[in-house]
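Here is a quick walk through one protein fold, from the overall build down to a few pairings. Have the model open as you read.

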Amino acid sequence: MQELIYRLKRPYHFVKTGLLKGFRAQLKYGFPAKKIKVLLITGTDGKTTTSNLLYHLLNQTKKKTGLISTVGAYIGNKKVDTGLHVTAPGPEKLQNFIKKMVDKKFEYLVLEFTSHGAYQFRDWGIKPHIAGLTNITHEHLDYHLTYQNYLEAKLLLLKKASMVFLNQNDQSFYELKEKLNAKEQKIKSYSVEEKFGKKIDKAINKTFPEKFNQANAHLA
């Protein structure tokens with residue numbers, strides 16, 4: 001019965017969140033997500049750390065970049081009070097925020113997003129330029145019920161991206177790689193064993209002694 005209810009939620013959210021809220025917000029704000037490069041970060045752990053690292057790196061290289069993550073929303077270096085306070089905001093607030101960035105001629109949006117948000121169509125109208133996955137562990141099963149359902153919810157995000165970065169050290173790597181479309185997407189991998197050069201490797205290891213944070217840094 002629980003599995004049936006879980007499955008029925010999907011078409012319900014398609015209408016309620018996707019069509020009635022998402023599509024309406026797109027029309028209202030002029031399809032802003034089509035006018036900016038969305039760099040989406042998802043996964044069980046490390047989403048916020050990786051999103052903030054990527055946002056910081058892009059701003060350091062003078063790229064006009066915004067951020068939406070659990071810790072807040074930023075346009076460039078300016079924190080924006082959006083009242084979000086959630087990792088995956090609803091379509092109205094999300095499209096409104098993107099419109100503000102587009103109006104200011106921003107090039108990138110680093111967007112932290114959850115499996116809940118994907119399953120509920122809160123990402124309506126967003127096609128990521130790049131999507132990066134930190135990992136998928138046996139969590140959030142109170143909502144998704146099974147690990148397989150959880151993995152499939154993550155795939156909803158990853159399948160929309162032009163390029164995908166997968167964690168080669170994670171248990172989900174081979175199944176995700178098999179289920180993504182290698183003909184239509186560029187599928188890349190990363191691992192904590194990857195080398196970037198002595199200077200960068202030293203900076204990562206010094207700043208992040210923990211292996212899981214080193215993985216986040218490698219993804220960023």
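What follows covers the overall build, the sheet, its helices, and the surface.

## Ground rules

This is a predicted model: local features need pLDDT of at least 70, side-chain atom pairs count only at pLDDT 80 or more, and totals for chains, interfaces and linings use all residues. Residues are numbered from 1 along each chain as its sequence is written, and side-chain values use heavy atoms, with hydrogens and water left out.

## Overall build

The protein has nine helices and eight strands (DSSP runs numbered from the N terminus: helices are H or I with at least four residues, strands are E with at least two). Its C-alpha atoms fill a box of roughly 50 × 45 × 35 Å along the principal axes. The radius of gyration is 17 Å, which agrees with the value near 17 Å for a compact globule of 220 residues (taken over C-alpha atoms; the globule rule is 2.2 Å times the number of residues to the power 0.38).

## The sheet

Eight strands make an open, mixed sheet, ordered β4-β3-β2-β5-β1-β6-β7-β8 (strands pair if DSSP finds at least two bridges between them). At the edges sit β4 (78-80) and β8 (186-190), each pairing on one side only. From one strand to the next, the twist averages 20° (axes are lines fitted to C-alpha atoms, for helices over the stretch in contact; angles run from 0 to 180 degrees between N-to-C directions).

Strands β2 (65-69) and β3 (72-75) run antiparallel with four bridges, and a hairpin links them through two residues. Leu 67 has Tyr 74 in β3 as its bridge partner, while Tyr 74 also has Lys 79 as its partner in β4. The β3-β4 hairpin has two residues between its strands, and Gly 76 takes a positive phi near 65° there. Elsewhere, β1 (37-42) and β6 (130-133) run parallel, joined by four bridges, with Ile 41 partnered by Gly 132.

## Helices on the sheet

Helix α6 (147-158) lies across β1, β6 and β7 (163-167), at about 165° to β1. Helix α9 (211-219) packs on the sheet too, touching β1, β6, β7 and β8, and makes about 145° with β8 (contact means heavy atoms within 4.5 Å).

## Charges

There are six salt bridges (a side-chain nitrogen of Lys or Arg within 4 Å of a carboxyl oxygen of Asp or Glu). One of them pairs Glu 92 with Lys 28, the closest N and O atoms being 3.1 Å apart. Glu 92 is in helix α3 (91-103) and Lys 28 in helix α1, so the pair ties together parts 64 residues apart in sequence.
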